[in-house]
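Please keep the sequence and the 3D view at hand while reading.

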Amino acid sequence: MGESMGKLVLFLALLGLVGAAAPATAQPGRVWSATWGASPQAPTDLLGPSWAVGGFENQTVRQVVRVSRGGAVARVRFSNLAGTAPLRITGATVARSTGGAAVASVRQLTFGGRTEAVVPAGRDLASDPVVLPVEPLGKVAVTLYFAGKSGPATGHGFANATSYRASGDHRADPSATAFTDTSQSWYYLSGVEVLDLPPRRNTVVAFGDSITEGAYSTVDGDNRYPDQLAERGRGRFGVVNAGIGGNRLLSGSPCFGEPGVDRFARDVLAQPDVRTVVVLEGVNDIGASAWANECFPAGRPVTAADLIAGHRKLIAAARAKGVRIVGATVLPFKGAMYFTEEGEAVRDALNTWIRTSGEYDAVVDFDRVTADPADPDALRPAYDCGDRLHPNDAGYQAMADAVDLSAL
């Protein structure tokens with residue numbers, strides 16, 4: 001440990017921030033700020049084979065995430081939201097990522113002073129504070145070891161990032177050699193938080209569906225629009241991505257999570273230090289009636305009035321918690337698999353209300369930024385990933401650039 005790090009640890013210990021065995025949930029006076037997050041989902045095999053369905057046994061899972069703002073002290077949050085039994089984590093570490101599954105500066109995570117954690121069914125759990133100075137936009141690796149059967153894993157299906165698995169206990173292994181299996185989902189990991197000194201209440205949550213989640217952006221490139229918004233912020237504020245692919249505002253799904261109106265309190269308002277939320281929801285509600293399947297259960301077509309009522313619920317919930325709420329217009333989707341002219345009329349009416357009603361605290365017009373000048377109902381070709389629905393990296397950059405930082 002270098003001299004400067006030693007002084008930091010001594011300073012934090014004097015403040016009672018490290019070295020204590022108190023649970024992370026019992027730390028009076030400490031203000032945590034979310035710097036990374038993923039909305040938890042129930043495991044399913046409807047979208048293809050998944051590690052989440054079978055869970056883990058005598059296996060180590062290493063997951064690499066890029067934070068938004070930095071900090072000297074961190075803690076990690078794990079979710080057993082979809083679990084039907086307590087989750088036993090034999091041990092966990094956090095470290096700096098050095099590329100792929102390789103890490104450096106490995107730190108043991110503790111939970112109330114213990115190295116083993118038990119997360120009750122339907123709950124989440126934060127680790128004790130750990131000294132691991134993290135730079136803004138830096139990458140950290142969280143590694144979990146399960147000696148016994150974990151059971152089906154709460155996680156996040158479409159991470160657009162590589163997770164790594166090894167047989168046996170490799171939680172403290174800095175090498176990537178043992179991590180021979182990969183997937184593109186997250187497992188149990190739901191948040192990374194840093195100590196906010198001094199408290200600033202400056203976390204921004206991006207709430208939405210696959211377009212917020214970053215579908216079809218470059219894997220491991222951190223080019224989702226919330227990532228690029230964090231880059232614009234340069235560590236001045238935290239950004240949490242609360243997008244779920246396929247999510248709908250008004251209806252739930254066995255594949256794509258609870259309705260947005262139901263998960264908003266947990267995935268947005270419960271984030272520590274949240275100041276602002278950007279809402280982008282509605283296109284899957286509009287399209288589902290034209291493309292019903294196992295993951296999109298059939299229902300009556302939604303109207304603009306239905307969606308406006310849903311948005312008003314989010315606005316009321318945010319205002320009740322003193323959280324600033326920014327409405328985002330729904331992107332064009334002409335040519336996508338579930339496009340119809342009737343659905344386009346609903347999108348137009350919803351976007352007009354978002355722009356003109358004055359009910360949101362501010363508006364970001366993703367529709368106009370990403371629309372094809374030659375056909376405003378369609379995505380600009382330079383921003384289209386190829387499915388006429390999701391942006392590519394350039395499109396996500398254009399979305400991030402469209403956000404007025406002063407509105408946050």
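## Basis of the report

A residue is called buried when its relative accessible area is under 20%, exposed when it is over 50%, and partly exposed in between. The model described here is predicted.

In the whole structure, 27 salt bridges are found.

Are D196 and R69 buried or exposed? D196 has a relative accessibility of 1%, which is under the 20% limit, so D196 counts as buried. R69 has a relative accessible area of 3% and is therefore buried as well.

Helix α5 covers residues 260-269 and contains both R263 and D267. Their side chains form a salt bridge of 2.8 Å, N to O. The two residues are four positions apart, about one turn of the helix. An α-helix has 3.6 residues a turn, so residues three or four places apart point the same way. R263 is buried, at 0% relative accessibility, and D267 is buried too, at 3%. Elsewhere, salt bridges with shared partners connect E344, R347, D348, R355, D365, D367 and R368 in one network.

A further salt bridge pairs R266 with E258, and their closest N and O atoms are 2.8 Å apart. Here R266 is partly exposed, with 27% relative accessibility. E258 is partly exposed as well, at 34%.

## Two cavities

How many cavities of 30 Å³ or more does the structure hold? There are two. The largest cavity contains about 180 Å³ of space. Its lining is made of 19 residues, and those closest to the centre are W36, G37, R224, D227 and N241. Three elements, β1 (32-37), α4 (225-233) and β17 (238-243), each contribute at least two residues to this lining. By class, the lining of the largest cavity has nine nonpolar, six polar and four charged residues.

The second largest cavity holds about 30 Å³ of space. It is lined by D209, I211, L280, E281, G282, V283, V330 and L331. Five of these lining residues are nonpolar, one is polar and two are charged.

Helix α4 supplies at least two residues of the lining of the largest cavity. Why is α4 described as largely enclosed by the rest of the structure? Seven of its nine residues are buried, so the helix is largely enclosed. The buried residues are Y225, P226, D227, Q228, L229, A230 and G233. After α4 comes R234, which has a positive phi near 50°.

The loop between α3 (210-213) and α4 holds T218. T218 is partly exposed, with a relative accessible area of 41%. Between T218 and N241 there are 16 Å from C-alpha to C-alpha, and the two are 23 residues apart in sequence. N241 is one of the residues closest to the centre of the largest cavity. D220 is found in the loop between α3 and α4 and is partly exposed, at 34%. The phi of D220 is positive, near 65°, in a residue other than glycine.

## A surface patch and another positive phi

L46, L47 and F158 make a nonpolar surface patch of about 260 Å². L47 lies in the loop between β1 and α2 (51-54). With a relative accessible area of 43%, L47 is partly exposed.

N160 is in the loop between β11 (155-156) and β12 (163-167). N160 has a positive phi near 55° and is a residue other than glycine. Its relative accessibility is 12%, which is under 20%, so N160 counts as buried.

Conventions
Residues numbered from 1 in each chain as written. Predicted model: local features only at pLDDT ≥ 70, side-chain atom pairs only at ≥ 80, totals over all residues. Heavy atoms only, no water. Salt bridge = Lys/Arg side-chain N within 4 Å of Asp/Glu carboxyl O. Buried < 20%, exposed > 50% of the residue type's maximum accessible area, 1.4 Å probe, protein only. 1 Å grid on protein atoms, 1.4 Å probe; cavity = no way out; pocket = protein on both sides within 12 Å on 5 of 7 lines; lining within 4 Å. Points joined across faces, edges and corners; volume = space filled by probe spheres on them. Nonpolar A, V, L, I, M, F, W, Y, C, P; charged D, E, K, R; others polar. Patch = residues over 30% accessible without salt bridge, like charges linked within 9 Å, V, L, I, M, F, W, Y side chains within 5 Å. Areas by Shrake-Rupley, 256 points an atom, 1.4 Å probe, with all protein chains shown as cover.
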